[in-house]
Amino acid sequence: MVRSAVRFALISAAALALASCGSVPMETAAPSSDHPFPTLTQTTGHSAHEIHGIDVSKYQGTIDWEQVRAAGVSFAFIKATEGGDRVDDRFRENWEGARRAGIARGAYHFTYWCRPMADQIEWFKRHVPNEPDALPPVLDVEWNFESPTCARRIPIALAQAKMREFLHAMERHYGKKPIIYADIMFHREVLANNEFAQYPFWVRSVAALPHVRYPGRRWAFWQTTATGRVAGINGNVDRNLFAGTRTQWQRLAQSSFRHGAPTAVAAAPSPVPEPAAAPQPVLASATQEPAAAPQSVPTAGTVPPTVPVPAGDTPTMIAPLPVSRPRL
């Protein structure tokens, strides 16, 4: 009986170790009636996820997309536009390169809060083609304290109204439910309490698991680091994870990232009036979030391998808020 008890204890300890290493996600939810993406509120860590991606802009320079694909990257969010008058210098190059390599790609727009949203909508539509196999368009919402002309917050109600204007226009034009990208500060101030829950979310959480930073928020994509390394890209690149399984991702790709019948979209809202008040003073900027250890990706192979994951997925404390990403 002593031997049996020892054997049972060892087996139990091994089971607990496997459970703690992040082998499976937690609280997986099937796609909602609003969009096709499976979502999570909690995860055990990086290693729970099979599908890996990146997000890029001109700052990554020339990208060898064939190497990126061979390294195990399944999707890429590519910066397209900012405000109503800026387009990323490498958007078209990256868009076509990812397509030729067979990497699912989507375009994102960085919101400029001091410009009418109608201008930003038309600017995005002018530069981002409506291609059936692309991921839905992404609305990137952050407070941009680094802007020389618009480094300010606007009222919460106005920010939400401007978001709705863009999201409705994107769904009408591209026929897919747009994705919302939000950093921690903007989400905490504008999007908490499940605002915009009918949209798939892409969250940034570098030094903590998403449920620590975005309590209660269901997310479809998770930006895990700004210092990742991927074959085919010189220097650092943002790394991302998909909430669902490989099988779910393959089904989504086969359906061109659509969900059943087209979603009914409300009539176009009236353009949001801009505030007449003078710009508010910039509030204290956030302290930069500590970067996670660089994540490396295997080199080319015939079948994209599972991307290795750094140790220590689960943080022991909440880290400071991050600053905004570099702009054009």
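**Close-up views of a predicted model**

**View 1. The disulfide of Cys114 and Cys150.** The torsion about the S-S bond of Cys114 and Cys150 is about 80 degrees, so the disulfide (a pair of cysteine sulfur atoms within 2.5 Å) is right-handed. Cys114 lies in the loop between β4 (104-110) and α4 (117-127) and Cys150 in the loop between β5 (138-141) and α5 (156-174), so the pair ties together parts that are 36 residues apart in sequence; helices (H or I, at least four residues) and strands (E, at least two) are DSSP runs, numbered from the N terminus. The sulfur atoms are 1.8 Å apart, and a search of the whole structure finds one disulfide. This is a predicted model, in which local features need pLDDT of at least 70, side-chain atom pairs count only at pLDDT 80 or more, and totals for chains, interfaces and linings use all residues. Residues are numbered from 1 along each chain as its sequence is written, and side-chain values use heavy atoms, with hydrogens and water left out.

**View 2. Accessibility of the two cysteines.** Cys114 is partly exposed, with a relative accessible area of 27%, whereas Cys150 is buried at 4%; buried means under 20% relative accessible area, exposed over 50%, and partly exposed in between (1.4 Å probe, protein chains only).

**View 3. Asn194 and its positive phi.** Although Asn194 is not a glycine, its phi is positive, at about 60 degrees. Asn194 sits in the loop between α6 (184-191) and β7 (201-204) and is partly exposed at 43% relative accessibility.

**View 4. Phe257 and its positive phi.** Phe257, a residue other than glycine, has a positive phi near 60 degrees. Phe257 is found in the segment after α8 (246-254), where its relative accessibility of 3% counts as buried.
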